[in-house]
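Student: I would like to learn how to read the features of a model like this one. Can we take them one at a time?

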Amino acid sequence: MEKVSFVIPCYRSEKTIGHVVKEIMDIMENQNEYDYEVILVNDASPDNVWEKITELAKNEKIKGIDLAKNAGQASAVMAGYGNVSGDYVITLDDDGQSPVEATMDIINKLKTENYDVVYGICQQAKFSLFRRAGSKFNSWMAYVMFGRPKDKRIISFCISRRFVIEEMVKYQNPYTYISGLVYRTTGNVGYLLVNHRSREQGTSGYSLKKLIGVWVNGFTAFSVKPLRLASCLGMLFAVLGILMAIIVVIRKLLNPFIAVGWSSVLSAILFIGGVILLVLGLIGEYIGRIYMCINSTPQYVIRQKLNLERKDLEDI
């Protein structure tokens, strides 16, 4: 019998996670050809979500992982991935927005069309205007960095084969970026049109600071394209500088009475100086991440587990 693992990162979802789990159980209990498990990862949520997970874990099919500190959604997902036992792994949100009713559709899509990963996509995401704008920028960034289609509204509902997950969890460094890990593992990715539901209650936990963190992580996590762009900018401005110098000399020779353009010179210095500082900051970001990786900064630290065996060496 094949097994499906559901991984759900939990943060401020004390009042919604129970409904999500019940919906999963109602669907999977009617599927005789599949066994299943639900892994709930508490990302150091400030509410009582761990107590709720403890209550749900009275059912042995419900597993719990309690992180010692907030690691972020991506790292919480990776903590769940490190403990799955299913042949297929479905990732979804804890707020009721993921279309759980499409579970069998996404499984069948993966199997019948022989994909390695299938993402849920929607025509209209039920996010706030601020979150939608951030998601569009993130989609453009993923297209530039990894070639992920930018014309598809990907939501937090996807399924992966076990070998993809096993390859992803080999990444043990901080600054996790799930899309980068998926697209560097396989190019055999499908998409399923689903209905993105409205949030049951509350608001998104993604602040501007967190969105910027996701963007920076996406730009620098698994690609050196930003550094190549910096090199191209350096070459471009060097060429422009040489051309401008030649033009200035020629004009001065042709007309010795031309006044020196202090304002244009100052503007050029400020502009080029800003570009230099930007490139230095980008290089500094890469160096800082290298240092954190060498320093063995953990992706996440697990405090305790429910209905799962503790494997200390795999917890960080």
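Student: In which helix does Val-239 lie?

Tutor: Val-239 lies in helix α9, which covers residues 225-254. Helices (H or I, at least four residues) and strands (E, at least two) are DSSP runs, numbered from the N terminus. This is a predicted model, in which local features need pLDDT of at least 70 and side-chain atom pairs count only at pLDDT 80 or more, while totals for chains, interfaces and linings use all residues. Residues are numbered from 1 along each chain as its sequence is written, and side-chain values use heavy atoms, with hydrogens and water left out.

Student: Is Val-239 buried, exposed or partly exposed?

Tutor: Buried means under 20% relative accessible area, exposed means over 50%, and partly exposed lies in between (1.4 Å probe, protein chains only). Val-239 counts as partly exposed because its relative accessibility is 46%.

Student: How many salt bridges does a search of the whole structure find?

Tutor: Side chains of opposite charge can pair when their charged atoms come close. The criterion is a side-chain nitrogen of Lys or Arg within 4 Å of a carboxyl oxygen of Asp or Glu. The search finds eight salt bridges. One of them joins Glu-2 to Lys-111, with the closest N and O atoms 2.8 Å apart. Glu-2 is in strand β1 (residues 2-10) and Lys-111 is in helix α4, so this pair ties together parts 109 residues apart in sequence. Glu-2 is partly exposed at 29% relative accessibility, and Lys-111 is partly exposed at 32%.

Student: What is the partner of Lys-3, and how far apart are the closest N and O atoms?

Tutor: Lys-3 forms a salt bridge with Glu-37, and the closest N and O atoms are 3.6 Å apart. Lys-3 belongs to strand β1 and Glu-37 to strand β2 (residues 34-42), so the pair ties together parts that are 34 residues apart in sequence. Both Lys-3 and Glu-37 are buried.

Student: Where do Lys-22 and Asp-26 lie?

Tutor: An α-helix has 3.6 residues a turn, so residues three or four places apart point the same way. Lys-22 and Asp-26 both lie in helix α1 (residues 17-28), four residues apart, about one turn of the helix. They form a salt bridge with the closest N and O atoms 3.0 Å apart. Asp-26 is partly exposed, at 41% relative accessible area.

Student: How many aromatic pairs does the structure hold?

Tutor: Rings of Phe, Tyr and Trp (its six-membered ring) pair if their centres lie within 6.5 Å; planes under 30 degrees apart count as stacked, over 60 as edge-to-face and the rest as tilted. The structure holds two aromatic pairs. Tyr-119 and Tyr-183 are stacked, 6.3 Å centre to centre with 5° between the planes. This pair links distant parts of the chain, 64 residues apart: Tyr-119 is in strand β5 (residues 117-122) and Tyr-183 in helix α7 (residues 178-185). Tyr-119 and Tyr-191 are also stacked, at 6.4 Å centre to centre and 20° between the planes. Tyr-191 lies in strand β7 (residues 189-193) and Tyr-119 in strand β5, so the pair ties together parts that are 72 residues apart in sequence.

Student: What is the phi of Asn-114?

Tutor: Most residues other than glycine have a negative phi. Asn-114 has a positive phi of about 55° although it is not a glycine. Asn-114 lies in the loop between α4 and β5, and is exposed at 53% relative accessible area. Asn-307 also has a positive phi, of about 60°, and is found in the segment after β8 (302-306).
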